[in-house]
Amino acid sequence: MNNDKTNPVNFESVVAVVEDNNKLKGVELLKRDKSLEIRWTRSSESPDTDWKKFASECGLSIEPAALLDTDDERMVVIGFNSAGTIFNRTTVPDVEDKEIESVIELQAETRLPLPAEQIELDWRADKLQDGQLGVTIAVARKEQLQKFVDNVRCFRPAKILLNCEGLVKAWVEIFSGAKQNAIVLSCGAHNTQVCLAEEGRLSNAVVLDIGVDDFSSIGPEEQSETTERFAQDMRSVLDLFGCSDQLPVFVLSDGGPTYVSIVSSLRLAGLNARVACPDLGRLKSKSELSVECVYEYLTPIGLALMALDESSDGLNVFKRLYSPVLKVVRKHWLYSTKVTCAI
């Protein structure tokens, strides 16, 4: 379980970067009081996943250093593609964290086809109910995680978070999802991220190999087959999650007609589906902000919101593979405690 709440600096802004459809996408989100401002959004040229080059494009120093002494008060967070992560839900007795850890590791060993030395995991407990704790477990292959760490180390990120957790956070904060229990869908070009959100946090997630392109630019016959397959896949996901088919299903949308077709296909299958568009009133920007822009960058926006939320306890499958570099911010002499008292 990730209990690291320490931040060497009180950051006002966060730069969040993710890899999406063979492109790198980044945003800088500034928080002042209760307002949130998108300072900039940026995407790499497609197809381009040169992390070091993109770090420079985002205005971040890529010079190696054991300790970064800088005036830059931006936290950097990186998102890891959740397609490489297996989620599991279980219940354990109400015992101390160390005992829970042992139980979870044992379950992971028995349920997964990989030996313990080849995986990394983290877990998060829910509220106690009837003497049992509901637990969300995230598991990923160690080799894949280490390769990702090597790629993103040039950013010197303060945190490496799971994309699907950022997606749920964006739904709660930007799509007015509040903290209701629901299924949240984010449809990419060729796949769909399906998340179970409970009380505003991720509880389970899977990725389906069907996306927006499968619903557009095809004939009526193929459309019918795609619709039926998608509906069947979603019913299988609900069974996997142990959810009722009347649990609300929110399809995150940029307002385009394809998302309406996706919702219609789910409704025809008897699911309680609806479209969810971002609420632009929750964000500010120096340039004109569009629904399409917020939708395109919703995952890095969600990750930035997680980083700014001190109460957020993201699942950290990287905890044994990556230690963030402590950041020391040089303060102007006017902000020195002794000087301020003297003045």
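This is a predicted model: local features need pLDDT of at least 70, side-chain atom pairs count only at pLDDT 80 or more; totals for chains, interfaces and linings use all residues.
Strand β1 (residues 13-20) is joined to β2 by 8 bridges, the two strands running antiparallel. Within this pairing, Ala16 has Val27 of β2 as its bridge partner. Strand β3 (residues 35-43) is likewise antiparallel to β2, again with 8 bridges. Here Glu28 is bridged to Trp40 of β3. Of the 10 residues of β2, 7 are buried, so the strand is largely enclosed by the rest of the structure.

Both connections are hairpins. In the one formed by β1 and β2, 2 residues separate the strands, and Asn21 in the turn has a positive phi of about 55°. The loop between β1 and β2 also holds Asn22, whose phi is positive at about 65° although the residue is not a glycine. Asn22 counts as partly exposed because its relative accessibility is 47%, which lies between the limits of 20% and 50%. In the hairpin of β2 and β3, 2 residues again lie between the strands, and Asp33 in the turn has a positive phi of about 55°.

A further non-glycine residue with positive phi is Asp130, with a value near 55°. Asp130 is located in the loop between β7 (119-129) and β8 (132-141). The relative accessible area of Asp130 is 75%, so the residue is classed as exposed, the limit being over 50%.

Another part of the model contains an open sheet of 5 strands with mixed pairing, in the order β12-β11-β10-β13-β14. The edge positions are taken by β12 (201-208) and β14 (273-276); each has a single partner strand, and therefore one side of each is left without a neighbour in the sheet. From one strand to the next, the twist averages 25°. One of the bridged pairs is Ala197 with Leu202 of β12.

Helix α4 (residues 163-173) packs on it and touches β10 (182-187), β11, β12 and β13 (249-252). The direction of α4 makes about 65° with that of β11. Helix α7 (residues 257-268) lies across β10, β13 and β14, and runs at about 160° to β14.

Methods:
Residues are numbered from 1 along each chain as its sequence is written. Side-chain values use heavy atoms; hydrogens and water are left out. Buried means under 20% relative accessible area, exposed over 50%, partly exposed in between (1.4 Å probe, protein chains only). Helices (H or I, at least four residues) and strands (E, at least two) are DSSP runs, numbered from the N terminus. Two strands pair if DSSP finds at least two bridges between them. Axes are lines fitted to C-alpha atoms, for helices over the stretch in contact, and angles run from 0 to 180 degrees between N-to-C directions. Contact means heavy atoms within 4.5 Å.
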